[in-house]
Amino acid sequence: MTAFGKLIRTTAFKLIAAYLLVFAVFAGSVIAYLGWHTQRLVTRQATEAIEKDTRFLQAQFERGGVSRLAQVVTRRARAPDAGLLLLTTYSGDALAGNVLNLPLNFLDKEGWREIDYVRSEDSVGPPSRALVHVLLLPGEFRLLVGRDVVEREELRQIIIGPALWGLALLVLLGVAGGLFVTRRVLKRIDQMTAISDGIMAGDLSGRLVVAGTGDEFDRLALSLNTMLGRIETLMAGLKEVSDNIAHDLKTPLTRLRNRAEDALRTAQGDDQWRTATEQTIEESDALIRTFDALLMIARAEAGQASASMVRFDLAETAASVAELYEPVADEAGLDVVADIPGPLPIVGVRELFAQALSNLMDNAIKYSAPDAPGARGEIRLTAMRADGRARIVVADRGPGIAEADRPRVLERFVRLEASRTRPGFGLGLSLVAAVVRLHGGTVALESNDPGLRIVIDLPLDTDENPA
Amino acid sequence: MTYMGNNSNPTVASDSRRSHDGPVIDLADLRKAARDSAQEPAMRLLIVEDDRDAADYLRKAFREAGHVVDVASDGEEGLVLAREGGYDVLVVDRMLPRRDGLALIAELRGRGDKTPALILSALGQVDDRVTGLRAGGDDYLPKPYAFSELLARVEALARRGGPQAADTVYRVADLELDRLAHRCTRAGQEIVLQPREFRLLEYLMRHAGQVVTRTMLLENVWDYHFDPQTNVIDVHVSRLRSKIDKGFDPPLLHTVRGAGYIIRDGVR
């Protein structure tokens, strides 16, 4: 496509062209109307004057015959502002008047006509245009009475000529302006396209230029830049996650493979085979769980669970999870204290919250079980309203998490070095974070002095009368 | 070794799990005893699965468990076989060539066929389960699964032996559970149960004589469909066992190694 072709194809140019066309048609109509109306006015004035003269001259003819008429015509024809007057015999010989050069046989027919004529007193001047009335008088005399309509032509030249020129100039300026504006728009679009091409080619750090004029292009560029920023973050996250997945899935896979290989090489007797097979299955189950958790987090982060979101009582779920974990905690030397004063209606996926709260209870038991036999610890699960939101707090008295490490543990696969020796997948808290984010809430890790307090805030469903 | 696959449930195979007191049965022994006594008649199963290896494995494993198995390798064939009828349970893969599993089940249900169907699927998320059950499936098991889990679920679906859903009183030996009065007695002595313990025992007794897995308990008693990483269910069952079996003879609530639990009258 040529540059010009590109130019006239733009929306801006097409719009301008359409406006120009509509405007030109409208202005043209107004001018034509004005012109027609003034012409009509001038013609009517001339007609009235001619009729008046005609009546007067006819009266003279009736009173004094052709000689009196000839005298009057002669006198009148000499007056400074005289109209056209001509009196002839039936053969066309002029008796009196001020008109020359009439076309042949012009006076043979009666009626109204327009002619170009030359006055007898200035025979060299250019012909003027006039409206004339031809009458046949008794005795085959012919009388011509007329008036100049030169004013009409002048008016036309004064009004219509400049108006048409102005219109033409306007259209010309419009087209030029359109091309100019369109070129400017095209330039910015081309600029944006070039940058987008660069970004698509892989340079995710590229951003559109914001001119700072606050126009629509700036607004578009700003919002596209925000989107690009989000994409860049997501891509970076994806890369990090795939690295982590590669690491955390490959490590147990390697272990699995080694174990099977070892069994193949050294196992003797049913018992050893059985143990090796059991370990293999156990290892693959652990892998499957890791995989499931990853899928669940990915889905929650993509917002895909929203299809099955319903209104449910989070307090009831919290109570049920507390009840589910109470016996296990008890065996581990921990009392579960559930402080759940009233219902907490929220809209979400109950199953995901059950899983998230289970993960929190699991962690709390794993990390805060007292080592000394006979010692008792405590896990406190609170579900209440706070500042018009639903708040869940899981607090333990374990070692807690150092402040510097807190933001990191919500990420996938992050397990602090201190806990590497304990079982787990490092996905528990990131699942919690993903679930809470999916439901528009926040997770905060705080110190319980000593221990860890996990505070989850979620929007309450305030519709008190669910359908 | 008849059942290589039966020990796949890590909740028992793992040494890290705490062992709980109470009688323990090996699943293989349980099967063998059942077959020998012919107390449990064979089920007729239809497996609709397009993956040959998986289908062969299932056929072999179900046959070893004493059941009669037909295999269809796509949805159309599955529909033809299922419409001939006579099956106790259908095991249907969700993604099948020519007609997918959900459509197959929906078609059968549309024809008024109520044969229990279990859906096997690689999709295991909440939404997928809901669509599966909405299409008319009776149970949903995400892949990969342990065969012991599948077997227990299929047997539970067939509803052999145990009490009917309409029964208000469940009985196993001298243990009685009155579902209307919310009372539990053993040998005439009242046993006080927490509400959750009551529902746990109710579910176990409804499937008396059948193996019930931990995930089945979690799904049916707690309505959760995820796999908690700790042995939460074991501790609940252990507490229940101390209430209903402690001080009575014989023990009724048994742990089935590599599978789950079974409540039944004595050990043969």
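Two strands are taken to pair if DSSP finds at least two bridges between them, helices (H or I, at least four residues) and strands (E, at least two) being DSSP runs numbered from the N terminus. By that criterion, strand β9 (residues 183-186) of chain B pairs with β10(B) in the antiparallel sense over three bridges. The structure is a predicted model, in which local features need pLDDT of at least 70 and side-chain atom pairs count only at pLDDT 80 or more, whereas totals for chains, interfaces and linings use all residues. Residues are numbered from 1 along each chain as its sequence is written, while chains are lettered from A and ligands numbered from 1 in the order in which they are written.

**The sheet in chain B**
- Four strands of chain B form an open sheet in the order β7-β8-β9-β10, with antiparallel pairing.
- The edges of this sheet are β7 (169-172) and β10 (189-191) of chain B, each of which pairs on one side only.
- From one strand to the next the twist averages 25°, where axes are lines fitted to C-alpha atoms, for helices over the stretch in contact, and angles run from 0 to 180 degrees between N-to-C directions.
- R186(B) has Q189(B), in β10(B), as its bridge partner.

**Helix α8 of chain B and its neighbours**
- Helix α8 (residues 195-206) of chain B lies across β7, β8 (175-178) and β9 of chain B, and runs at about 70° to β7(B).
- Helix α10 (residues 232-244) of chain B packs with α8(B) at an angle of about 85°, their axes being 10 Å apart.
- α8(B) and α10(B) are therefore roughly perpendicular to each other, a term that covers angles of 65 to 115 degrees.
- E197(B), L200(B) and L201(B) of α8(B) make the contact with H236(B), R239(B), L240(B) and I244(B) of α10(B), two residues being in contact if their C-beta atoms, placed from the backbone, lie within 7 Å.

**Nonpolar cores**
- The largest nonpolar core has 121 residues, and those with the most contacts inside it are Y325(A) and V435(A); such a core is a set of buried Ala, Val, Leu, Ile, Met, Phe, Trp, Tyr and Cys residues joined through C-beta atoms within 7 Å.
- Not counting residues up to four places away in sequence, Y325(A) touches V336(A), M361(A), I365(A) and V232(B).
- A second, separate core of 24 residues includes L57(A), L84(A), V132(A) and V145(A).

**Chain A overall**
- Chain A contains nine helices and 13 strands.
- Of the 467 residues in chain A, 24% are buried, meaning that 20 or more other C-beta atoms lie within 10 Å of the residue's own, with C-beta atoms placed from the backbone.

Definitions and conventions
Buried ≥ 20, exposed ≤ 12 C-beta atoms within 10 Å, placed from the backbone. Parallel < 35°, antiparallel > 145°, perpendicular 65-115°, else oblique.
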